[in-house]
Amino acid sequence: MDGVHALQSTAGFGELLRIRRERVGLTQQVLADHATLSVRAIRDMESGRVQRPRQETVRLLADALRLEGRSRSAFEAAARRQALAEEPRDELTAPPVARGAIVGRELEVEVLADALAVHGDRLVTVAGLGGAGKTRLVLEVARRLHLASRWSVRWIDCGRRPAAGAERRTELARAIGERPTLLVLDGAEAGVDTALLDDLFQRCPGLRVLITARVPQPLPGGQVIPLAPLPTPGPELDHDPVALAEVGAVRLLLSHLRRLRPGYRLEPEEAPAVAALCRQLDGLPGALELVAGWSTVLSPGQLVARLADGPFHLAPPAGYGGRADVGGALGAALDRLTLGQRALLERLAAEPGDWSGEDAVALSGRPPQECLAAVHALLASGLIRSVPARDGVRFTVLNLCRRLCAAGAHQELATAS
């Protein structure tokens, strides 16, 4: 038995490929040409960077090396043996199962999934107001990466689980290993252990971390994506049910209405009230779900009238399963602002329509850098949102936030409680 045959039962596929190539006197480039593969593919297989070569690739290599009979069978078996050895011993860890469909967030899902899987971002925070749908968005991204890209997903609810100690950190790193894994830290309101992240990133080269929080924590190398409420319709669409039903906030509200009132159709006479509801509630998914809970006893027009008296007076209906407390979320966001940020917000809330960063500087009378930093903080907190504009970036204060600022010092919230 020659040396090649002796090694066939023990050598890895990459090593066997190199031995076979050198035995017949081929360079990596010549073998790549004969097999119609790239020289990089040959190099990666021989170095072990490619652990599971495709069956068609193995066939092309065997043809180029002119392997037949037992030699070919052993060559193909080595590729299968290596692939099996590299398969994870346990099944990929799946994300939690969402309780409902996601509506109106198709673009955000695509952008976030691409940031992690295509562009290679390793640390991303989704920030926004409570009730904006951060957890539901991240659930959808995790589901897509798990099913389409075969990633494991480790989901940690930071509101329920204590911070990981050294023992837990080692256990988590061992469980993740080198496989592509998405670690979700949901509801990280108290901040994130940067030492934990640094350790996991060093031990787990395939790790990506996705964080949700109402206020983003500055993290080295991290990206922050502010999650705005869903788009709301302009008044020009109030009498066009077809166009209205394509707007994100309306789509979500209609999906709730149709579950609670099977067969519900958006008729022209009700379209203005549905549009007004979406505008009054700023397209906040949690608020839309709450108001839809009353649709079994109140029409959209009646709901508009009740919200006009005070949007924070509408308590959840009996049996409501959502977690949204719109007034509480807004009040908490206002409480987190500095005095300077709060003063700027109240000044901007008193202005009708939208405004630019330069407008905010002029209104505030503050140094540009200081004012723009405050605008950035307000955007990250979810109290203002960007609006479509042809001449640069423009913003508007949430309608619900205007109501609070006009009432002053949470007076409307105090009345509601």
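# Close-up views of the predicted model

**View 1. Strands S3 and S4 run side by side.** Strand S3 (residues 181-186) and strand S4 (residues 207-213) are paired in the parallel sense, with five bridges between them. Helices (H or I, at least four residues) and strands (E, at least two) are DSSP runs, numbered from the N terminus, and two strands count as paired if DSSP finds at least two bridges between them. Please keep in mind that this model is predicted: local features need pLDDT of at least 70 and side-chain atom pairs count only at pLDDT 80 or more, while totals for chains, interfaces and linings use all residues. Residues are numbered from 1 along each chain as its sequence is written, and side-chain values use heavy atoms, with hydrogens and water left out.

**View 2. Zooming out, S3 and S4 belong to an open sheet of five strands.** The strand order is S2-S3-S4-S1-S5, and the pairing is parallel. The edges are taken by strand S2 (152-157) and strand S5 (223-226); each has a single partner strand, so one side of each has no neighbour in the sheet. From one strand to the next, the twist averages 20°. Angles run from 0 to 180 degrees between N-to-C directions, and axes are lines fitted to C-alpha atoms, for helices over the stretch in contact. As a reminder, strands of a sheet pair through backbone hydrogen bonds, either parallel or antiparallel.

**View 3. A second open sheet has three strands in the order S6-S8-S7.** Here the pairing is antiparallel. S6 and S7 stand at the edges with a single partner strand each, so one side of each is left without a neighbour in the sheet. S6 is joined to S8 by two bridges, and strand S7 (residues 384-387) is joined to S8 by four. Which residue of S8 is the bridge partner of Ser356? That partner is Arg394, and Arg394 is also the bridge partner of Val387. Thr396 of S8 is the bridge partner of Arg385. S7 and S8 form a hairpin with six residues between them, and Gly392 in the turn has a positive phi of about 100°. In a regular strand the side chains alternate between the two faces of the sheet. In S8, Arg394 and Thr396 point one way and Phe395 and Val397 the other way, and all are buried; buried means under 20% relative accessible area, exposed over 50%, and partly exposed in between (1.4 Å probe, protein chains only).

**View 4. Trp355 and Phe395 form a tilted aromatic pair.** The ring centres are 5.5 Å apart, and the angle between the planes is 40°. Rings of Phe, Tyr and Trp (its six-membered ring) pair if their centres lie within 6.5 Å; planes under 30 degrees apart count as stacked, over 60 as edge-to-face and the rest as tilted. Trp355 sits in strand S6 (residues 355-356) and Phe395 in strand S8 (residues 394-397), so the pair ties together parts 40 residues apart in sequence. Trp355 counts as buried at 2% relative accessibility, and Phe395 is buried as well, at 10%.

**View 5. Phe13 and Phe75 make another tilted pair.** The structure holds two aromatic pairs. The ring centres of Phe13 and Phe75 are 5.0 Å apart and their planes stand at 55°, so this pair is tilted. Phe13 belongs to helix H2 (residues 13-23) and Phe75 to helix H6 (residues 69-86), 62 residues apart, and the pair links these distant parts of the chain. Are these two residues buried or exposed? Both Phe13 and Phe75 are buried.

**View 6. Helices H18 and H19 cross at roughly 115°.** The axes of H18 (residues 357-364) and H19 (residues 368-381) come within 9 Å. On the H18 side the contact (heavy atoms within 4.5 Å) is made by Gly357, Ala360, Val361 and Ser364, and on the H19 side by Pro368, Cys371, Leu372 and Val375. H19 also lies across S6, S7 and S8, running at about 95° to S7.

**View 7. His256 is placed in helix H12 (residues 248-260).** At 11% relative accessibility, His256 counts as buried. Neighbours within four places in sequence aside, His256 is in contact with Leu288, Glu289 and Ala292. The C-alpha atoms of His256 and Val291 are separated by 9.5 Å, while the two residues are 35 residues apart along the chain.
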